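Hi,

Here is the structure I said I would pass on.

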Amino acid sequence: MTRYRTVARSAVAETEVKRSRFLCRIERVESEGAARAVVDRARKEHWDARHHCSAFVLGPDGAVQRSSDDGEPSGTAGAPMLEVLRGRALSDVVAVVTRWFGGTLLGAGGLVRAYGDAVRAGLDAAGVRERVLAALFDVDVSHADAGRLESDLRARGVDVRDATYAELVTLRVAAAPAIDLDALLAELTGGTVSSKPAGHAWSG
């Protein structure tokens, strides 16, 4: 895989069904531990709520998928939440829906709709961004030219991730597949600077 979709930002959205309140928290995460920490924070922050149901999808290929009904009838909360995440083709995301019971039983079908709708509202607020597998390169440049070259590369859409200062300055850059980095460097430096491959990393 060279690209996948995740959420653009953290978000919170609240819905109400027959006086039951459903508060959905959406966060971008990159590990199971981070996802479970979001659930734990919701549980501590909203200690007065009866349920903190969750679902998360992890990895560029969505290989890790988990959900929890947290005391709701089996299959009425976590599974529909997870289905919404899958339906939006998102990964590296956790959804936690905190429910305050409003006094009226919603039934299995009502719960499925309510939890799914809560996650949809959260995702609508969070937005979507695409992550791209970018090639990493090291670019060695003189101290005198490093600042200008870094600025020029950023202006052309190259992600300058780090700078190491020694006899020369080594810029670690991530270039999307559409960018011919060596051609760009030749243009910006008159052919005096080139790049060395340094692996791959996700960008975005």
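This is a predicted model: local features need pLDDT of at least 70, side-chain atom pairs count only at pLDDT 80 or more; totals for chains, interfaces and linings use all residues.

Residues are numbered from 1 along each chain as its sequence is written, and side-chain values use heavy atoms, with hydrogens and water left out.

Let's start with Arg99, which lies in strand β6 (residues 93–100). Helices (H or I, at least four residues) and strands (E, at least two) are DSSP runs, numbered from the N terminus. Arg99 has 5% relative accessibility and counts as buried; buried means under 20% relative accessible area, exposed over 50%, and partly exposed in between (1.4 Å probe, protein chains only). Its side chain makes polar contacts with the side chains of Glu72 at 2.8 Å and Ser20 at 3.2 Å. (A polar contact is a pair of N or O atoms within 3.5 Å; within protein, one must be able to donate a hydrogen and the other to accept it, and residues adjacent in sequence count only if both atoms are side-chain atoms.) Leaving aside residues up to four places away in sequence, Arg99 also touches others, including Phe22, His51 and Tyr115, where contact means heavy atoms within 4.5 Å.

Next, Thr6 in strand β1 (residues 3–7). Thr6 is buried, at 0% relative accessibility. A polar atom of its side chain lies 2.8 Å from the backbone oxygen of Ser91, and the Thr6 side chain also reaches the backbone oxygen of Asp92 at 3.3 Å.

Now the rings. Rings of Phe, Tyr and Trp (its six-membered ring) pair if their centres lie within 6.5 Å; planes under 30 degrees apart count as stacked, over 60 as edge-to-face and the rest as tilted. That gives two aromatic pairs. Tyr4 and Trp202 are edge-to-face, 4.9 Å centre to centre with 80° between the planes. Tyr4 is in strand β1 and Trp202 in strand β10 (residues 195–203), so this pair ties together parts 198 residues apart in sequence. Tyr4 is buried at 6%, whereas Trp202 is partly exposed at 22%. Phe22 and Tyr115 are edge-to-face too, at 5.1 Å and 85°. Phe22 sits in strand β3 (residues 20–28) and Tyr115 in helix α3 (residues 107–126), so that pair links parts 93 residues apart in sequence. Both Phe22 and Tyr115 are buried.

Cheers
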